[in-house]
Structure formats: structure tokens, C-alpha cells
Number of protein chains: 2
Amino acid sequence: MSGTLENTRAADATADAVQVVVGRNGRPKIAVFDSGFGGLTVLRSIVALVPNASYLYFGDSARLPYGNKSRETVARYTVEAAQFLEKCGAEILVIGCNTASSLALYDVKSAVEIPVVGVIEPGADHAAELSRHREAIVIATENTVASHAYQRALARRGFATYEKACPLLVPLVEEGWTDHPVTEQIARIYVIEALRSAPPNTDVMVLGCTHYPLLRGLLRRVVPQRIEFVDPADSTAQVVASMVSGSTPQQTQGRRLSGTPEQGCPDGEPAFRFFTTDSVEKFMRMVPIFLGRAVERVERVELEGKA
Amino acid sequence: MSGTLENTRAADATADAVQVVVGRNGRPKIAVFDSGFGGLTVLRSIVALVPNASYLYFGDSARLPYGNKSRETVARYTVEAAQFLEKCGAEILVIGCNTASSLALYDVKSAVEIPVVGVIEPGADHAAELSRHREAIVIATENTVASHAYQRALARRGFATYEKACPLLVPLVEEGWTDHPVTEQIARIYVIEALRSAPPNTDVMVLGCTHYPLLRGLLRRVVPQRIEFVDPADSTAQVVASMVSGSTPQQTQGRRLSGTPEQGCPDGEPAFRFFTTDSVEKFMRMVPIFLGRAVERVERVELEGKA
């Protein structure tokens, strides 16, 4: 199925994905790619639904941010990482990065043999399921807002969308201040500004940055109750779960990740390998913030086109 | 003088620099390089001391941040920009970027014919002038702290130094919240943490990130009065002024920058050209935050080794 390049960019990753079932012959091997740490929230959401799997996570931190790079550069970087993950035995590849999902999805589909799922189309599908009024706010980084990736995906589903850049939220999450009063004040300022410019009947808010699910509790306190959240990480996890044979949703929070592949991993438990192109130390410091648990081992990888 | 590679990295950019006098035959042409916008505070400090000059500013925003890249990559990027500025007629080059000053100063000196001044050594010299106890705090970005560039420069002057990473301050400045109550709360948290770990007789705080001079007023409210600030942008400006024939300190705030070179620029007024490798719009939005005045024109440049 992959290798088939869709005719239009409006083509839907989800439609592609659900026809594929992996893991029939044992534990599926699921890879998540991101330019940095944010994709770890996507990994977390998938693990919650598909615990009995082997996971590969690739954070291309040495070359982040992708958001200020050209389409060609983002595609080249993402394809390199995708091919690396395919060589590591990945059976499904999730592009857990908004910029790469928006700019590189079709290049990656052409470059690898395994199914590829981005985060934007599942998020937009979920928004369309939840919304009665087809009016939405998207909160995201400055670069994701400038790309208008969610706005376009939602427009194809009949939405009027207001996009609000919230540049302070990523560094606040990476500082670990996910439930800090300062973060709540800043989120409140952003939300008030967004509501002032948003369509009047807005009833969904898309968390258009992979860091934001960690602020969901805090955001619930500052966003009016009439507005439901769409977390594309969760939406993407649903798509992946539908592709995996015999998966049953269940919680796997609070356990310590092994950080090494299958060896000795009990059935029903996830196994993990983490790769980064940058500092292993920073990665190990970030993982607990994003996954809610520590990791024992992170492998450093050098890719060709070093930034 | 440039082209002479010093024997040790401890060699002092300042000692080099003061032997050179430019601008004897008219307005000097002074270039400031940075990986992004922060170097604009260095430009501002130099303009305040040397108003009767032509300025070139180069912000390599498409390839920032430099802080997570290898020494070789940072040197290659900085040399490219330095050679570009030399071709534009620069007579002095200021590396207004902590990472590039730390990693690329000697490569740049070998690669261009004009004198080159970094920000770290002038900042450390200034700290040594101010401090009685030779105990310092450096506040900086995570990457500058990890490089220990200021710690090493200060150690050569007999200092015990505590370095505190303050990752939220750059995005707060770029959001324009330079005098916002939220920024003050965050700065207070960082300062309290730093004071807890700093040497007991600390009497100087180095503003080790080019964004921080914009928070100087706010920081003065949260840092104990016994601690004096060292702003390497100001220290570097003093070094540049000493290299320029007939310069007299004077304020030039509040005027509108021409954004075009000499043509029609009255004597005694600075003229400017701004170059960026990334979005011209973002650059034009950032300039007023950093320089305190608007700019009419920013030129986009493509360099070879695109990130």
C-alpha cells in the first residue's frame, strides 16, 4: 500500500492505514519519528492502546527545529530517519511531528515499504467527529501556525478555523512546568487572545503541537467547557491500534521502560528502543517529562545530512 | 592581525582588537553576526557608542540554533557569513553570538582579513574589572551553559563561577514580554535557584545570552543590589569603539533606521543593512523588540550549506 503516491495532498492517511494489519505473527514493531521530544506524547498514546508491541522512537534533535526549514530539507531529513527505522525492522511508521507530517508524508510513503501515518489527518478527522458547529481553534507553535497545515486539513472538512501561535508553551513543557502557576497564567493569556479572534461557535480546540497534551489538565482549567479538546496524538493512536491485530486498549502507565528490545520482555508489556541524533543526556532528562517514566538507555545515531 | 592564529584559546580577542583603528578615512563599516536576533542587542550597544558608522547585521536564523550543532558545523556556518560580510565591505566583524564566539572565533580570524571581535572575552574582562571577590553567576541558555565558555573565560581570570541555564527567557523576550509580570516571576525563580548554588560572595552576574540585556531593568528588581551586572554586549561595544578613530559615546535611540546603506545618510547618523537567511517578516517583527525602533528593509540571503 505504501509506495502508492496519492493524487492529492488531501488524500487521507487514515484511509490508507486501516487496510493494513500488522502483528499477526507476534508482537508488532511500531516506530515513531519526531524532530525532537514532542513525538513522545504520540508514543505514549499508542502504548496506552497497544501495550503488547515493540517500539522504536527516533528524535532528530540535532537538526530541530524542522519548522523553519524548507520543504525539501524536512523531506530529506524525515526520509533518512524513516529508512533507518525501516532497516531496524519497523512495521508501521508514525510521523509524530506536525511539520514533517505536513511537509514530508508523501515523500516518506514513496521512500519506504511500510505503512506511514501522520498526525494531522487523524487529528482533523477527530475534530470533525466532535464538532457540531464546524468552528475550531488550533493552538500550535509559530511554525505550525505559519504552515496552516491544520487549517487546511480542517477546511477540507468544512471548518472555519482560528490558529493561535503559543510560542512559550514548548519551552515551559521542556522545563517540566506542566502544572506550574506561571504556565497557567501564560496559557490563560493565550486562550483569552484566541477566544477574542476565534469564530463565535467554536466548539473544538486542536492541540496542534505534540508538547501540548502534557498541558491538557491545565488547559482544561482555562478553556471554556463548551470547547472540547482534540489531541492528535490520541487520534493517531486510534488509527495505529486499528492497524494492529488483536490490540485491546489498556493502560500501561507507571512502569519502567526497559530501553532494550524484545529480550526478556514479558508478553503484554511494551519494549522500547530510543534513538537520538543529539545529546543522550538531554533525551534521558526529557523522556520522564513526556512519558511519565524513566528510560535506561538511549542510542545515539549519526545520519548523513548533518545540520 | 587577523590570519594570525593564536597559540591558545585563552588568547584575548580584546588585546588583538585594540591595536587596530578603522574609519580614519571616513565612516567605518562595522558588521555584527549572530545566529538569530540576539546579536541585535550587541549592534544596539555599538551604535550607542559609535553612531557615525555604517552597520551590517547578519542573522543566520534559518540555521539556528547554533547551540546544538558540532564545533565544525558552527565554524563552517560562521565562516560563510563572515566571508559574506567581508565581501560587503565590513572593516570590523563582531561575532555577536555566544556559541559562535566560543567555537568559531579562531576559524573566522583565519578566514577573513578584517579584525574579528567576539563577545565572551570582553564580557569576562569587564567582570574582572567589576568584581572584588572573583565569584560570579552566569545566566545563559542551556547550550551556552553546557559549553562552559564563560566559566572557562572567567576561570582564566581567577573566578569561581556558577552557571545557571534559564531556557524560558529567550522565548519570553521574543514574545516581546520584556517587562511582563510573568517574566518577572520566572526570572525570580531562576535567580533564587542560582543564588542557592552560587559562591557565597558572588558580586557579578554575567548576562551570558544576547537576549538578556532586554531584561536588565526587570532583572535589577529581582537580583540583590550587591551583585553588579556584566552585559557582554556593552563590553564588546567598548572594544569596538576603541578600534574606531574619533568615536565619541552618544545615545542614538529612538530614530528610525534607514535600512539602506550610506546613500543620503546624514553625518553623525548610523546607516544600516540587515541580512537574514530566514523569514524577512519575522526579522522585521523582532528588530523593534531588540533595537527599540522599526526597520524599513531586510535583505534575504541564501548561503551554501543550507541546514
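The legends below describe close-up views of a predicted model.

**View 1. The four-stranded open sheet of chain A.** The strand order is β6-β5-β7-β8 (chain A), and the pairing is parallel. Strands β6 (160–165) and β8 (228–230) of chain A form the edges, each pairing on one side only. Direction ignored, neighbouring strands of this sheet are turned by 25 degrees against each other on average. Helix α9 (residues 181–197) of chain A packs on the sheet and touches β5 (135–140), β6 and β7 of chain A. The direction of α9 makes about 150 degrees with that of β6(A).

**View 2. Pairing of β7 and β8 in chain A.** Strand β7 (residues 204–207) of chain A pairs with β8(A) in the parallel sense, over three bridges. In this pairing Val204(A) stands opposite Glu228(A) of β8(A).

**View 3. The six-stranded open sheet of chain A.** This sheet runs in the order β4-β3-β1-β2-β9-β10 (chain A), with parallel pairing. Because β4 (116–118) and β10 (299–300) of chain A each have a single partner strand, one side of each is left without a neighbour in the sheet. Within the sheet, β2(A) and β9(A) pair in the parallel sense over six bridges, and Leu56(A) stands opposite Arg273(A) in β9(A). Helix α4 (residues 98–111) of chain A lies across β1, β3 and β4 of chain A; its run is at about 170 degrees to β4(A).

View 4. Of the 11 residues of α2 (residues 39–49) of chain A, 10 are buried, so the helix is largely enclosed by the rest of the structure. Among the buried residues are Leu40(A), Val42(A), Leu43(A), Ile46(A), Val47(A) and Leu49(A); Gly39(A), Thr41(A), Ser45(A) and Ala48(A) are buried too. The strands against which the buried residues of α2(A) pack are β1 (29–34), β2 (54–59), β3 (92–95) and β9 (271–276) of chain A. They also pack against helices α11 (232–243) and α12 (280–291) of chain A.

**View 5. The interface of chain B and chain A.** Here 25 residues of chain B are in contact with 25 residues of chain A. The two chains bury about 2100 Å² between them, with 56% of it on carbon and sulfur atoms. Four salt bridges are found across the interface. One of them joins Glu142(B) and Lys282(A), with the closest N and O atoms 3.7 Å apart. Five residue pairs are in polar contact between chain B and chain A, both residues being at pLDDT 80 or more. On the side of chain B that touches chain A, the elements giving two or more residues are α3 (71–87), α8 (169–174), α9 (181–197) and α12 (280–291) of chain B. Helix α9(B) gives the most to that side, with five residues.

Methods
Residues are numbered from 1 along each chain as its sequence is written. Chains are lettered from A and ligands numbered from 1 in the order in which they are written. This is a predicted model: local features need pLDDT of at least 70, side-chain atom pairs count only at pLDDT 80 or more; totals for chains, interfaces and linings use all residues. Side-chain values use heavy atoms; hydrogens and water are left out. Two strands pair if DSSP finds at least two bridges between them. Axes are lines fitted to C-alpha atoms, for helices over the stretch in contact, and angles run from 0 to 180 degrees between N-to-C directions. Contact means heavy atoms within 4.5 Å. Buried means under 20% relative accessible area, exposed over 50%, partly exposed in between (1.4 Å probe, protein chains only). Buried area is the accessible area (1.4 Å probe) that two parts lose on being put together, summed over both. A salt bridge is a side-chain nitrogen of Lys or Arg within 4 Å of a carboxyl oxygen of Asp or Glu. A polar contact is a pair of N or O atoms within 3.5 Å; within protein, one must be able to donate a hydrogen and the other to accept it, and residues adjacent in sequence count only if both atoms are side-chain atoms.
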